[in-house]
Amino acid sequence: MIHFKDLGLVNTREMFAKAIKGGYAIPAFNFNNLEQLQAIIQAAAETKSPVIIQVSKGARNYANQTLLRYMAEGAVEYAKELGWEKPQIALHLDHGDSFEVCKSCVDMGFSSVMIDGSALPYEENIALSKQVADYAHKYDVTVEAELGVLAGVEDEVSSEESHYTRPEEVVDFSKRTGCDSLAISVGTSHGAYKFKPEQCTIDPETGRLVPPPLAFDILHEIEKRLPGFPIVLHGSSSVPQEYVDIINTHGGKLPNAVGIPEEQLRRAAKSSVCKINIDSDSRLALTATVRRVLAEKPGEFDPRKYLGPARDEMKKLYIHKIVNVLGSDGKA
Ligand SMILES: [Zn+2]
């Protein structure tokens, strides 16, 4: 058993409480490699933003759970070297799908875990989420649970159909599970293809797809029933069209990739939404840069020469999200 506090990590309780009061949201960035983690920590340290670094099942399969945990421990020390005296970094399990996986992360030094029972029948979701919360709370590890189903595909989490969270269930669910935060479904979606073209309208000026708006009425109804309770939005990448264009003009093929407009996320961040998950945008930044650099310098074969610029681009993206979308800069 390794406790997260011994690694210099923090859980999400205090960061969420401050975020709700302050009308901003904490960034939750996924990582599975060195360059992503460097970019996240540099961005958070420079902007003094609390940050959640999160590990999905795909990341655990790709990079190994133990290695990722030690990278997170290193990230705390790295943040201090960058001049961030008291780094507020939470290490979070994204989409844990069983009690055993959540337990192994708690035992290994994660400071926060998500148990995703959203595909289960309601009562089974409650039983599983409660089992995880009861265990995690013994070690002061915070727990995110989920109600409602998001559409989209990302890292082995996939669903064809979304259904919005039912506001009438949220009080009963949060009380009976004891979860510390609740991921809800109000129209965000995993991956870089969040909406089918037929769900969108077309911007007459740019010819680009305009996605349908988030269901703010449902979000407000949930807020009313659970005042001050931390709400989480998954699948909240904006799929910047400049990255999609760079990818598509340098040999890539991402037709009709579309995300959540940033002004909608800005609006959500001011509500009781206090954790916003962003993964695809960083993948796009990395891929766009690698494609561009390799096209411009076809003789390059030193990975540092294309992953370095990709890291710089991801850092730019993370700072932009922190400062211009979530408003978490200067809060740590
Ligand atoms: Zn998710």
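**A first look**

Modeller: The protein chain's secondary structure comes to twelve helices and 13 strands, counted as DSSP runs numbered from the N terminus (helices are H or I, at least four residues; strands are E, at least two). This is a predicted model, where local features need pLDDT of at least 70, side-chain atom pairs count only at pLDDT 80 or more, and totals for chains, interfaces and linings use all residues. Residues are numbered from 1 along each chain as its sequence is written.

Colleague: Which strands close into a barrel?
Modeller: Eight of them, in the order 1-2-3-4-5-8-12-13, with parallel pairing. Strands count as paired if DSSP finds at least two bridges between them.

Colleague: And how many bridges join strand 3 and strand 4?
Modeller: Three, in the parallel sense, between strand 3 (residues 89-96) and strand 4 (residues 112-115). His-92 sits opposite Ser-112 in strand 4.

Colleague: New topic: how much of the protein chain is buried?
Modeller: Buried residues make up 51% of the 332 residues; buried means 20 or more other C-beta atoms lie within 10 Å of the residue's own, with C-beta atoms placed from the backbone.

Colleague: What about contacts of Ile-276?
Modeller: Leaving aside neighbours within four places in sequence, Ile-276 is in contact with residues including Ala-25, Leu-233 and Leu-326. Contact means C-beta atoms, placed from the backbone, within 7 Å.

Colleague: Last one: what box do the C-alpha atoms fill?
Modeller: Roughly 55 × 45 × 35 Å, taken along the principal axes.

Methods
Contact = placed C-beta atoms within 7 Å. Buried ≥ 20, exposed ≤ 12 C-beta atoms within 10 Å, placed from the backbone.
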